[in-house]
Amino acid sequence: VTTGFHGAELANIQLGDVVAVIGIGPVGLMAVAGAKILGASRILGVGSRKALTKAANFYGATDIVNYRNGPVEDQVMELTNGKGVDRVIIAGASPEIMKTAIKIVKPGGTVSNVNYYGEGDTIPIPRLDWGMAHKTIVGGLTPGGRDRMEKLIDLVRYNRVDPSKLVTHKFHGFSHVEEALMLMKDKQQDLIKPVVFVD
């Protein structure tokens with residue numbers, strides 16, 4: 001929850017902005033929820049698995065862009081009548097996704113990255129699409145601390161966000177930790193997030 005919301009915060013979403021969230025796994029789903037709370041008018045969720053696209057709609061995505069149906073930038077430009085989006089939140093994919101994010105964000109817009117790239121020394125930024133267009137790229141680790149956690153808990157307490165929709169697989173007992181981890185690694189179709197209860 002906190003990482004996805006941080007992605008929305010870093011994106012500097014303004015009231016009425018059109019936002020694309022690339023990667024609608026658990027972090028991306030919470031970025032969708034965060035974008036909605038911060039006032040986005042339209043939220044494009046980029047992903048393909050049915051369980052995730054259904055959850056993205058629940059959390060506030062108005063449109064789903066399935067990367068299996070063609071280049072993301074082409075689909076986003078078609079959906080936005082060639083305008084692009086005001087903000088992009090990257091919550092998944094390989095480093096190459098930065099090219100797509102830069103292409104679909106409008107001049108003056110922001111690309112927020114909370115995705116972890118596990119390898120490589122550089123991230124590609126397309127010169128012509130970024131160039132002189134005042135496109136801001138931000139990223140960083142999510143903040144922690146008691147104050148932030150209490151605020152996030154209040155969002156749950158007062159029904160602003162329902163994280164229970166992220167939990168698709170429940171296990172009881174410490175002996176199931178490895179099984180839950182393997183589910184996350186293999187990413188089966190109906191998985192969003194497993195939870196292990198240590199009874």
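Trainee: Which residues does His-6 touch, not counting residues up to four places away in sequence?

Mentor: His-6 touches Val-114, Gly-140, Leu-141, Thr-142, Pro-143 and Arg-148, where contact means heavy atoms within 4.5 Å. The model is predicted, so local features need pLDDT of at least 70 and side-chain atom pairs count only at pLDDT 80 or more, while totals for chains, interfaces and linings use all residues. Residues are numbered from 1 along each chain as its sequence is written, and side-chain values use heavy atoms, with hydrogens and water left out.

Trainee: Where is His-6 placed, and what makes it count as buried?

Mentor: His-6 belongs to helix α1, residues 2-10; helices (H or I, at least four residues) and strands (E, at least two) are DSSP runs numbered from the N terminus. Its relative accessibility is 10%, and buried means under 20% relative accessible area, exposed over 50%, and partly exposed in between (1.4 Å probe, protein chains only). His-6 is therefore buried.

Trainee: Why is Tyr-116 called exposed?

Mentor: Tyr-116 has a relative accessible area of 69% and is therefore classed as exposed. Tyr-116 is placed in the loop between β5 (105-113) and α6 (127-130).

Trainee: What makes Phe-58 and Tyr-59 an aromatic pair, and of which kind?

Mentor: Rings of Phe, Tyr and Trp (its six-membered ring) pair if their centres lie within 6.5 Å; planes under 30 degrees apart count as stacked, over 60 as edge-to-face and the rest as tilted. Phe-58 and Tyr-59 have 5.0 Å centre to centre and 80 degrees between the planes, which makes the pair edge-to-face. The structure holds one aromatic pair.

Trainee: Which residues of helix α4 are buried, and how do you know what they line?

Mentor: In α4, residues 72-79, the buried ones are Val-72, Gln-75 and Val-76. Seen down the axis, the buried residues fall within an arc of 100 degrees (taken from the directions from the helix axis to the C-beta atoms), so they line one face of the helix. Their cover includes β2 (42-46), β3 (63-65), β4 (85-90) and α5 (97-104).

Trainee: What makes the phi of Asn-81 worth a remark?

Mentor: Most residues other than glycine have a negative phi. Asn-81 is not a glycine, yet its phi is positive, near 55 degrees. Asn-81 lies in the loop between α4 and β4 and is exposed, with a relative accessible area of 69%.

Trainee: What is the phi of Ala-93, and where does Ala-93 lie?

Mentor: Ala-93 has a positive phi of about 100 degrees, although it is not a glycine. Ala-93 lies in the loop between β4 and α5, and at 47% relative accessibility it is partly exposed.

Trainee: Which helix gives the most to the lining of the largest pocket?

Mentor: α2 gives the most, with three residues.
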